Amino acid sequence: MPFNFLKLRYAGRPSLRPAAVVAALLCSSNFALATNFVEPPVFASSHGVLDLLIVVLPQPVPSISYVPPSGPAINPTGWVYQICPRASAIPVNQCPAGSPTTSYYGGIRLALQKGDQLKFRLVNRLPPINPVTMANLQDGINLPKNPTNIHTHGMVVQARAPTLSDPTFGDDIFVDIYNPANGIPTPDPSHQHGSVVMDYADYRIDVPANHPSGAFWFHPHVHGVAVNQVSGGMAGIISVGKAGDYASGDLSKAPFPEANVHHLVLKDMQVLAAGTYMFANGSATVATGWCRTRRTPPSAPSFLRVSSRSAKARVQVPTTAAPAATITPAEHGSSP
Ligand SMILES: [Cu+2]
């Protein structure tokens, strides 16, 4: 698959910035890695509720600039989750410019606690997809219209469809939310498993009071097109509780100190055997110096170094050619 997603918690004083990591993975060989680590933006629940507006839309990735051998510089277009507290949203279904809105290509973190309610409105502002770039076109005639939804990967929550008395969706992977600007979907009885919704859908995901603490993630889950969307950047972290709930910080089993917990998102792109990559704005030939040719010898794994005063850790960087440190979503088979 043209995507690997790694999220981790680790101790120490990290020396890498997520945006730099993203760029480094996509990158020319002379990219400077030694920048400060910055946590992904966090939206945390308050008094048991996290209530957000989430608009998914295309956006140039400013941290990645690439000059192909025969052409002007390219800033790849990513597909990002633009997020703001629902209370700050402006009519109709828009996040305000500037704070408190974020649309971070590297992904954001939703910080939840056991027993919380995660509520959000998901608005689809994605462009249509060129069918040529789709690996799973046979999964539905409407997929080029780029429907989306959200799945909370790994969480133990209800896969709930709306009812007359409760119109919200739970973690329902069968709802397809369409951007009206891409046209009205054609009825497709052979592949339509759930609700067809235009423009947006409202979700309510109840986190059980006895939900395990841990690190999870969210991503779109419309069969046949999820791979395009996740590859475009649509993913983020969900944390429940604290790392100290399940991890010890020392031999006496003191809880892991929360100040030493950091979150990192790695994303990469697949460079084809012919040395090309299909950007949203067209294919480009990849120059010598991109990640695969940086390996010496070519079969050796790439490493990302995370250092601290007291310890050093090496985190193996996953690549699409030889994934070595990915969180494999086992329940989805070969799909995200
Ligand atoms: Cu998943």
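Two residues are taken to be in contact if their C-beta atoms, placed from the backbone, lie within 7 Å. Among contacts in the protein between residues at least 6 apart in sequence, those joining residues at least 24 apart account for 68%. The model is a predicted one, in which local features need pLDDT of at least 70, side-chain atom pairs count only at pLDDT 80 or more, and totals for chains, interfaces and linings use all residues. Residue numbers run from 1 along each chain as its sequence is written.

**Overall make-up**

- The protein has three helices and 17 strands, where helices (H or I, at least four residues) and strands (E, at least two) are DSSP runs numbered from the N terminus.
- Of the 336 residues in the protein, 34% are buried, a residue being buried if 20 or more other C-beta atoms lie within 10 Å of its own, exposed if 12 or fewer, and partly exposed in between, with C-beta atoms placed from the backbone.

**Cis peptide bonds**

- The loop between β4 (77-85) and β5 (109-112) holds Val92, and the peptide bond from Pro91 to Val92 is cis, with omega near -10°.

**Positive phi outside glycine**

- His47, in the loop between β2 (42-44) and β3 (49-60), has a positive phi near 50° although the residue is not glycine; His47 is exposed, with 6 other C-beta atoms within 10 Å.
- Asn146, in the loop between β6 (117-124) and β7 (151-153), has a positive phi near 65°, again in a residue other than glycine; Asn146 is buried, with 26 other C-beta atoms within 10 Å.
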